[in-house]
Amino acid sequence: MKELIIIGAGASGLVTAIVSARRGKKVLILEKNNKIGKKLLATGNGKCNITNQRPTLEHFYSSNPHFIKEFFEGYNYQSIKQFFKSIGLELIEAKEGKVFPMSLQASSVVELLVAECEELGVQILCEIEVQKIKKIKNFYEIIHNKGIEKTKLLVIATGNLSAPQLGGVDDGINFAKMLGHTSIKSFPSLVQLTSSMKKLERMAGVKIESRVTLVTKSGKIIQRQGDVLFTTYGISGLAILDISRFVMIELLKKRSVKLTIDLIPKMSQEQLFALMRKSLVKKSSKPLTIWLQGFINKKLILPILEPLKLENETLNTLYSNREKLDSIVYKIKNFEFEVNGSRGYKGAEIATGGVDTKEINPKTMESKKHKGVYFTGEVLDVDGDRGGFNLHFAWICGLKVGKSI
Ligand SMILES: Cc1cc2nc3c(=O)[nH]c(=O)nc-3n(C[C@H](O)[C@H](O)[C@H](O)COP(=O)(O)OP(=O)(O)OC[C@H]3O[C@@H](n4cnc5c(N)ncnc54)[C@H](O)[C@@H]3O)c2cc1C
């Protein structure tokens, strides 16, 4: 009989192990991958956006918002900063409240977590894939590809479906179901979006600071600002990842989605109109396709002019016609982009949904159905915005279980 078994050597599993081992527990981690922390190594483009200084509740989502509120009580950015300091990892603060390891390397996060585990005598076994969990009287049997373990204390820290190429699976949700838990359906989030619009390749490769707006069927307006990258499959960039959760909800309800993109968000419609109007100083036979290059990326010009049927016009047309200039400015500020899907879990930073948090104690992360069983991180029905919020949740889960187990 093992004292404490953790399934999954990812973000939340490693922190749980360290805090529990510091409190005297003998810990065994079972990890199916051949390497520890594969997903962690890919976070923040290899720099690991480890947390956020301002983890306010509106950055987190769950079908049970009450859980999120109770979960964060007594825990904040400082809780995480102190923990990482205790393993020798200094953090630095960047813009938008984002926090990174001082080394700017995700590998340093993994290596220091693992080194601390080793020092505390935590046993980590890789290439052990748990297949089944059975409750037998007052203990649990963990059946894996190389044998069986038994324990009275079990932590399920197995993540969810995002990034299957890095080991993302929904095994933990299946284990929860084996134990009688219910789960909330998942979909990919923080993900690139696809489109079936014609001639996408014409815009492909253009990266532009934009403001993206989604108006939902119910009339809710959601806006995100940041880079937008047009691609051959559709659209990507930080503003798109940020809005993807809300787009996916619309798509899952079988609604067509049209994003409105402000291609020059730093200027109002009036300012842009005035700027363009000033350049029309004299009559000229310069094509509009050339003139517009003074304002916007060349690859976007035909997609702007063609729907207005102005692609073959010259400046002379605009000189005497305010309405036509107006329509160009409007199009730049309200560029429509149709979306029909996402790049799926393979492109997603996070999977929404997971084990229903109504069945979990938010103070301890213990199952309300089974004494001694705990859930941490992405396996639960909680997901966060981009900006360090998902790891923030995972680390705090680990701190909570470690302290209560
Ligand atoms: C490309 C990418 C970039 C990201 N960047 C950021 C970022 O910068 N900031 C941020 O906050 N979040 C980021 N995230 C999200 C973040 O990585 C996750 O929220 C976090 O890793 C979840 O931690 P976890 O402990 O729940 O699961 P994970 O870290 O996914 O760990 C789960 C572990 O369990 C193992 N496992 C699963 N099933 C079994 C089984 N049956 N048997 C044994 N082992 C099993 C898995 O192999 C894995 O090692 C990013 C995600 C991706 C994909």
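Select the ligand and the 39 residues around it; Gly-8, Gly-10, Gly-159, Gly-377 and Leu-391 come nearest. A residue counts as near if its C-beta atom, placed from the backbone, lies within 6 Å of the molecule. Helix 1 (11-22), helix 2 (38-42) and helix 13 (389-404) each give two or more residues to this shell. Helices here are DSSP runs of H or I with at least four residues, strands are runs of E with at least two, and both are numbered from the N terminus.

This is a predicted model: local features need pLDDT of at least 70, side-chain atom pairs count only at pLDDT 80 or more, and totals for chains, interfaces and linings use all residues. Residues are numbered from 1 along each chain as its sequence is written.

Next, select helix 12, residues 322-333. Its twelve residues reach 17 Å from first C-alpha to last, close to the 16 Å expected at 1.5 Å a residue (1.5 Å times one less than the number of residues). Ile-328, Val-329 and Ile-332 are its buried residues, with 20 or more other C-beta atoms within 10 Å of their own, those atoms being placed from the backbone. They cover an arc of only 95 degrees around the axis, which puts them on the same side of helix 12; the arc is taken from the directions from the helix axis to the C-beta atoms.

Which order do the seven strands of the open sheet follow? The order is 19-18-15-16-17-14-20, with antiparallel pairing; two strands pair if DSSP finds at least two bridges between them. Strand 19 and strand 20 (341-342) stand at the edges with a single partner strand each, so one side of each has no neighbour in the sheet.

Finish at strand 15 (207-215) and strand 16 (221-230), which are antiparallel and joined by nine bridges. Val-215 stands opposite Ile-221 in strand 16.

Note on methods. Buried ≥ 20, exposed ≤ 12 C-beta atoms within 10 Å, placed from the backbone.
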